[in-house]
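User: Please take me through the labels used for this structure. For each label, I want the value set against its definition.

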Amino acid sequence: MKKTLLFLLSLALLSGSVMAQSQKEREEIRKAHFERFHKRDASKLYLQKNYPIQETVKASNATKDAAGLQLPAQRWFPGEWEEVQAIVVTCSYNHYVPGHEGDMYYAADPVVSGVADYYHYSGMSGWQEMGQGPYTSVPDTSNDDFANVFFYVMDAIQLGGAQAWVRIEAAEDSNMVLRKLARMNLRHDNIRFIVGPGNSFWFRDCGPIAFYYGEQDSVAMVDFEYYTGRALDDSLPTLIEEQMGIPNYITTIEWEGGNCLVDGAGLVISSDAIYANNRDGYGQFVWDGVNPSTITYQTRPILTKDQVRDSLAHIMGPRGAKIIPTFKYDGGTGHIDLYADMVDENTFVYSKFPTAYSNWYDYKVAQKNIDTMWNWQSYFGDHYNHVNIPFPCTNNGGNFSSQSVYNSQYTRTYSNHTFVNNVLIQPVFSAVVNGVPSAAWDRERFDSLQIAYPGYTIYPINVASFDGSGGAIHCITKQIPADNPIRILHKSVTGDANRFIWDNSDVEVKASITNRSGIASAKCYYRQDGGRWNELDMVAGTNNEYSATIPTLSMDWNNQGLINVEYYISATSNNGKTITKPMTAGQGGYYAFSQGRNAPHVGIETVDVDHVGHFYPNPANGNTSIDIDLAQGTTYQVSIVDMTGRTVHQTSLQGEGKGSFTLNTSKLANGVYNVVFTANNGQRVMRRLVVK
């Protein structure tokens, strides 16, 4: 269940033999790297090294009923969309076999600092191990697409107002990194370097999970064990502690950061890959840092499913730990971050498999997982909101030929991105030209992402060179939360499942707002239909709760008896810091709802059924889609009805199984519509749609 350890050998053309290689050959060798290390990890080849075993000296778990890891009290784990001070990243390193520097047919895989396994590649037999010994490490500052990804990420981090904490192998490597950024005309004035060895660049998985604790909301880290055989990666949190001064609490529960999702309000989510990770007693390599003969395995307790779940809940989830089934064809990781994230404490965002893949095993797992997650209760006691984003496709805009081909050669996803304050570092799969992907199919999906993440500056990076590796942008980055946080927990006003409020009263906005210095003021800003912003003071109540009432009844209602309202919250602490909710309010982000004075028109019943979803995006401006599950022999007549009761469009749906009905709203006038699905058995289901 591990991510491929990627070796990208230098394309800096250090020798004549390398210079003669074509781009196609380099890609073939890189793919062979992926396949080799997938097989190595799946077979647990690293356990066949016959290193000695010693008893563990680290805390094994942290269940509430067992002695173990002692974490500070009053801790909370922020969501990834919240404010950050830094993102940890590295560049791709070339680890060379001595005497073969620059030769792409040789690779070194570091085991411990200064010692690596050697590999040689031939077209006939692939990668073959050829011994062990010292190695040299050089940052890949070539102009290769793969190498460039890491430097674009550094640039995007700084664009988001955070520091790029760049791990380098040696202090002098900092000059190469800075020169490369300058040569690419990228930002390089807000970077700090972390010096220390590593195995790879999958920092989401091996990096720490940061949290706040105590009355001062101090920042600390909890360090889960990365998997056996990758001790240099596993030491990354210790390097951060030593060089950045952030306390680090270590546990030997084996868990990878790509398999961690938190809602920022006490719920932690993982896939059941974490169970497999903790079924054996092999711990991490340890050694004296000097002599390879001292390399040993530590043992650790084998944990049951209940122990794993209790441990996660005790460490990270006061509202509990939720474990969902693992994808089978996800690049071998079992990681949630390949298809799901959260945009706030109310809302999941999912990569949506096209119905063309309905026969895939993972299509069914995804549907089940999404249905499960929709039905969980949020911090506010309601069901979570949900948003779908598109699924990538092949380079010619077509479908992947099979799930095994997708798994072994692509593993593409638009979900594997990273939030940096008001910037979203977004993977795309074609060359980026003038800030947008160049391929039409990629650009169309990119436009959908801008709708799903309103207000964000989206920084696209072409990660097609990561195809087959099992990861992308999220997998190579790790957030460090901001100091002095203003925490705003807010149940967004969205109305019913169709984002409507049918109530003849003004609308109250409430939020829990805290800061270590206290809150000096809180305000709600609102507007109607994109007009001028109006300001309301939010009144402090008990338990840090603030509220304001948006005077919707005094607004200008249209002739259908409807209004559309947008709003956001702003809070200023006693120590002078201001933050908005959503954080992108300064760039056009906001919450939105529609209100109607009267119930939907007579004669159509709103039915909440499992087999008919809800339109997204809604409000719509162009294409909008709705999921529908057609039973055998069922035909639906689809009628689009305006608020006066006039039918403006009709069509029909028939087929069998789950599908997606897409509606082009470009020819519909702005306003509110009831979309009525009438089955041949007489059942009618209505879903409301706003066109803007």
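**Labels and their cut-offs**

User: What makes Lys180 count as sitting over the ring of Phe151?
Analyst: The charged end of Lys180 lies 5.6 Å from the ring centre of Phe151. The rule asks for NZ of Lys or CZ of Arg within 6 Å of the ring centre and within 35 degrees of the ring normal.

User: Which ring does Arg487 lie over, and at what distance?
Analyst: Arg487 lies over the face of Trp76, at 4.0 Å from the ring centre.

User: What kind of model is this, and what is left out?
Analyst: This is a predicted model: local features need pLDDT of at least 70, side-chain atom pairs count only at pLDDT 80 or more, and totals for chains, interfaces and linings use all residues. Residues are numbered from 1 along each chain as its sequence is written, and side-chain values use heavy atoms, without hydrogens and water.

User: How many helices and strands does the chain have, and what counts as one?
Analyst: The chain has 12 helices and 42 strands. Helices are DSSP runs of H or I with at least four residues, and strands are runs of E with at least two, numbered from the N terminus.

User: How much of the chain is buried?
Analyst: Buried residues make up 57% of the 692 residues. Buried means under 20% relative accessible area, exposed over 50%, and partly exposed in between (1.4 Å probe, protein chains only).

User: Why is Tyr121 called buried and Tyr105 partly exposed?
Analyst: Tyr121 has a relative accessible area of 14%, so it is buried. Tyr105 has 21%, so it is partly exposed.

User: Why is the pair of Phe77 and Phe211 called tilted?
Analyst: A search of the whole structure finds 42 aromatic pairs. Phe77 and Phe211 form one at 5.1 Å centre to centre, with 40° between the planes. Rings of Phe, Tyr and Trp (its six-membered ring) pair if their centres lie within 6.5 Å; planes under 30 degrees apart count as stacked, over 60 as edge-to-face and the rest as tilted. The Phe77–Phe211 pair is therefore tilted.

User: What does the pair of Phe77 and Phe211 tie together?
Analyst: Phe77 lies in the loop between β1 (53–54) and β2 (84–90), and Phe211 in strand β10 (residues 209–213), so the pair ties together parts that are 134 residues apart in sequence. Phe77 and Phe211 are buried.

User: What makes the pair of Tyr105 and Tyr121 stacked?
Analyst: Their ring centres are 6.1 Å apart and their planes stand at 25°, so the pair is stacked. Tyr105 lies in the loop between β3 (93–96) and β4 (106–112), and Tyr121 in strand β5 (residues 115–122), so the pair ties together parts that are 16 residues apart in sequence.

User: How do you know that β11 and β12 pair?
Analyst: Strand β11 (residues 218–225) and β12 are joined by four bridges in the parallel sense. Two strands pair if DSSP finds at least two bridges between them. The label therefore holds for β11 and β12. Asp223 has Ile250 in β12 as its bridge partner.

User: Why are β10 and β12 placed at the edges?
Analyst: The open sheet has the order β10-β11-β12, with mixed pairing. β10 and β12 (248–254) each have a single partner strand, so one side of each is left without a neighbour in the sheet.

User: How do you know that β13 and β14 pair?
Analyst: Two bridges join strand β13 (residues 261–262) to β14, and the strands run antiparallel. Leu261 has Ile269 as its bridge partner in β14, and Val262 stands opposite Val268. In their hairpin, with five residues between the strands, Gly264 takes a positive phi near 75°.

User: Where does β17 join β14?
Analyst: Four bridges join β14 to strand β17 (residues 321–324), and the two run parallel. Ser271 stands opposite Ile324 in β17. This open sheet has the order β13-β14-β17, with mixed pairing.

User: Which way do the side chains of β14 point?
Analyst: In strand β14 (residues 268–271), Val268 and Ser270 point one way, Ile269 and Ser271 the other, and all are buried. In a regular strand the side chains alternate between the two faces of the sheet.
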